[in-house]
Amino acid sequence: TAGNGTGAVTGAGSYDFDATATVSATAATGSRFDGWSGPHAAECTADAVRMNADKSCTATFNITTVTVPNVVGQTQAAATTTLNGVVGLIVGAITQETSLSPAGTVLRQNPTPGQVPTGSTVALVISSGVPLVTIPNIVGQSQAAATAAINGLNGLSVNALTQVISPTVASGNVISQDPGPGPVPFGSTVALVVSSGNEITVTDPAIAPDASDITPGDGICDIGTNVCTLRAAIQEANALAGEQTITLPPGTYPLTLAGANEEAAATGDLDITGDVVIESSTGNAADVIIIADKDLLDRVFDIPPGNSPRVTLRGLTIQGGVISGSTGGGLRNAQGSMTIEDSIVMNNQSNGSGGGISHLGGTLTLRNTMVMDNISEGLGGGLQAQEGTVTIEANTQFTRNTANFGGGLSTGGADVTLTDTTVENNTATGGGGGIYKFLSLGDLLPGMDAPEVRLSNTTVSNNTINDCEGYLVNAGNNTIGTTTRCTLLTP
């Protein structure tokens, strides 16, 4: 036999002289018989060999082939149907491996497309689907460490980063992750929520109109355009636990969103109900001016009744507030603990009391602050102190304020201490151009406590129609102009 196939030849052997031999060739499976060759091929082909001598023929067998189709990318079911439809091919071993291709898709085949012997098997590798990658727990880590941990895993990446105000999680640390720890498909992305701490930086007011926060309390100061306004920042601070710090870049912050008698800072004045520090980024009051628009018809800041937050205003100019039927043209502190320092309170007015500031209860501290050019149609052009405790110190000045009584400041049931303070050039049409203290029973009856106005290292002069009226405690080193309407007590 010859050729690359296999087969069987019958009839070969020894015969009697002049006998006729019958020979045949049968190809094995996968082979074909391609004929006889040799010196006596014709007789073998005729299947009648006269044995009058030794004779030989060679049967040639060659392998038969079929074409293997390309089934990569097909589903397993479709590939099996395709291969079974080719006569001479058999679907062989099926194995699976993870892949980014959909589950059930043919990834590879062996043999590859081409000619193969009839009867060959074709092995298939099928995708079992996207591999899983385990996301670690990165909550509490720094943003840099968390990002490195995720991006360092093959098949994972950080695709979204949201900063949220948090009084409990340190600035720059991860508050939450989505998805959480556990297996996820290869190629997944992880979104991080990162703490910005308790500091809120307001957008430059030149590009940030007066507008409310979209969702107060979600930890994101945003009016909907990735802009954080002063109003929105206060709304977030009100809604969050703990003390927040709001930092204002230089500029003028006009309050234009009208709507008085609303106590959530959404419209009108800036209502403060949570602990907060609001400060200029430069520390200079001339750099940050918060001004109520003439059509606002409301004060600038308000700590409304029912709230006792700790509030610090630092390095701000507060002006333009107008209040009707209430108190505090610039600010009102109903019962909070308010500190105003390194600031200016100017050009505010009230048709009630407290043209600049109305303090109804709680504590108030004025430190290195100018209170000027405020108007009250009632009591306290610069400050009305009705109840609680007031501390005025560190070069605080009251000047050019106007009221009916107490052009500079008016006190009722509050304990007021003035140290290193100047009260000059204020006007009161009724009395107490500089300081007016209401008369109380304790001022007249021995043994009965009375609210006290105590002065030390303080100047009260050049006020109209007089410098003071009422009972004041002279704690020393004071310069007081006209005292005809006031009684100076020793400590």
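Visitor: What should I know before I start?

Guide: This is a predicted model, where local features need pLDDT of at least 70 and side-chain atom pairs count only at pLDDT 80 or more, while totals for chains, interfaces and linings use all residues. Residues are numbered from 1 along each chain as its sequence is written, and side-chain values use heavy atoms, with hydrogens and water left out.

Visitor: How is a pair of aromatic rings described?

Guide: The description uses the distance of the centres and the angle of the planes. Rings of Phe, Tyr and Trp (its six-membered ring) pair if their centres lie within 6.5 Å; planes under 30 degrees apart are stacked, over 60 edge-to-face, and the rest tilted.

Visitor: How many aromatic pairs does the structure hold?

Guide: There are four aromatic pairs. One of them joins Phe 33 and Trp 36, edge-to-face, at 5.6 Å centre to centre with 70° between the planes. Phe 33 also pairs with Phe 61, and this pair is tilted: 5.6 Å centre to centre, 50° between the planes. Phe 33 lies in strand E4 (residues 31–37) and Phe 61 in strand E6 (residues 58–63), so the pair ties together parts that are 28 residues apart in sequence. Strands (E, at least two residues) and helices (H or I, at least four) are DSSP runs, numbered from the N terminus. Phe 33, Trp 36 and Phe 61 form one aromatic cluster.

Visitor: Is Phe 61 buried or exposed?

Guide: Buried means under 20% relative accessible area, exposed over 50%, and partly exposed in between (1.4 Å probe, protein chains only). Phe 61 is buried at 1% and Trp 36 is buried at 17%, whereas Phe 33 is partly exposed at 31%.

Visitor: What is the strand order in the open sheet of three strands?

Guide: Two strands pair if DSSP finds at least two bridges between them. Here the order is E8-E11-E9, with mixed pairing. Strands E8 (89–97) and E9 (106–110) stand at the edges, each with a single partner strand, so one side of each is left without a neighbour in the sheet. E8 and E11 (residues 120–127) pair in the parallel sense over seven bridges.

Visitor: Which residues make the nonpolar surface patch?

Guide: Leu 439, Leu 441, Leu 444, Leu 445 and Met 448 make this patch of about 490 Å². Leu 444, in helix H5 (residues 441–444), is partly exposed at 49%.

Notes
Patches are made of residues with over 30% relative accessible area and no salt bridge: like charges are joined within 9 Å, nonpolar side chains (Val, Leu, Ile, Met, Phe, Trp, Tyr) within 5 Å. Accessible areas come from the Shrake-Rupley method with a 1.4 Å probe; for residues, only the protein chains shown count as cover. A salt bridge is a side-chain nitrogen of Lys or Arg within 4 Å of a carboxyl oxygen of Asp or Glu.
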